[in-house]
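Let's take a friendly tour of the pockets here. Have the model open, and follow along as we look at what lines them.

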Amino acid sequence: MRGTVANLKLKYVNEYRDRTGKLRRYFRKGSKRGALPGEIGSPEFMAAYQALLGHKPAPTTKITGSLGLLITSFYNSRAFRDLKPSSRQTYRAALEPLASVHGHRTARITHKQAAKLIADIGENRPAMANLTKRVLQAVYKFAVKEGWVDANPIIGIDPFKTGTHHTWTEGELQAFEKRWPIGTRQRLAYTLLLYTTQRGGDVTKMNRADIVAGELHVIQQKTGAELYLPFVQEIQRALVAYPANGLSLFGRKDGKPITRGGLTSFMKEAVEKAGLPAKCVPHGLRKAGMRRMAEAGASVNQIAAVSGHKSLREVQRYTEAADQRRLARDAMGNKK
């Protein structure tokens, strides 16, 4: 329903009642959405509305503004616009649920209130709680700079402990390869993930033009790292055996690019049909590739040159584990 008050009619404004019966309003124009605080026509409401239309919000609403208005203003900030497209999407995934549920509340929250907000998320979704904490810290850094608040209430909130992705074992790799031999689409996706040791999102961006002089050129979405990877025999064989349509090294069956979510769903089904546990996710193949390099004697820096890691902490774990196995074999007189 379009929002109205007296003779004021505003496009793209929708209304609904939440579970408490309170009337809420939100802006929706195509893919652009956001919470609208206050009453229609109020300074707070109009500032948020103008921000979502693409205009700069009125500065007089900053001090008494809502969390929803702060979020929409952050979307229009340079800090947000300078983020990579994938990072902007991640930020929105964390902020939109907050705007929907808490957008009408004041942006001037205390440290205690912020900690409870994040703790409520962390009860069932610790990884999302950590993401929300990281994103809100950036939002409130902007808020401090622009005079919305005096201090960042997110600083000092402890992160939640989360699990790590399972590293595929050699037995699991062999089971997958047995079920999906060279020449299948599943084996092609698996090979690109394992032998490039790149994240799923980066694998979906790889195309034939990236292969030059026996190297695969990759620019990582997450870190911006530029890598030149050897175009190893295993990848060549998989590509020749399954000549996919289109320019993508691995895309949809019709040749169009595939999304990261599409690749994840595709691999999930392939893992199930191979009789492997659900913990065998695509990111675990990246880790298995790193493990294999460490076990072959590659150094921390050599592995990082392939994986693109900026921090060497995770890479160090693989080399230490590989060293332990070699030392144990040597100690037992079983050198290989």
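## The largest pocket

H4 is the top contributor to the lining of the largest pocket, giving 7 residues. Helices here are DSSP runs of H or I with at least four residues, numbered from the N terminus. At least two lining residues each also come from helix H6 (126-146), helix H9 (200-205), helix H12 (282-295) and helix H14 (313-331), as they do from helix H4 (85-102).

The lining has 37 residues, and Arg134, Arg199, Lys222, Arg260 and His283 lie nearest the centre of this pocket. By class, the lining holds 18 polar, 12 charged and 7 nonpolar residues. Ala, Val, Leu, Ile, Met, Phe, Trp, Tyr, Cys and Pro count as nonpolar, Asp, Glu, Lys and Arg as charged, and the others, Gly among them, as polar. The space inside is about 1700 Å³.

## The second largest pocket

This one holds about 660 Å³ of space. Its lining has 26 residues, with Val101, His102, Arg105, Leu117 and Asp120 closest to the centre. Two or more lining residues come from each of H4, helix H5 (111-122) and H6, and H4 has the largest share, 7 residues.

## How it was computed

A pocket is an open set of points on a 1 Å grid over the protein atoms alone where a 1.4 Å probe fits, with protein on both sides within 12 Å along at least five of seven lines; lining residues have an atom within 4 Å of a point. Points are joined across faces, edges and corners, and a volume is the space filled by probe spheres set on them.

The model is predicted: local features need pLDDT of at least 70, side-chain atom pairs count only at pLDDT 80 or more, and totals for chains, interfaces and linings use all residues. Residues are numbered from 1 along each chain as its sequence is written, and side-chain values use heavy atoms, leaving out hydrogens and water.
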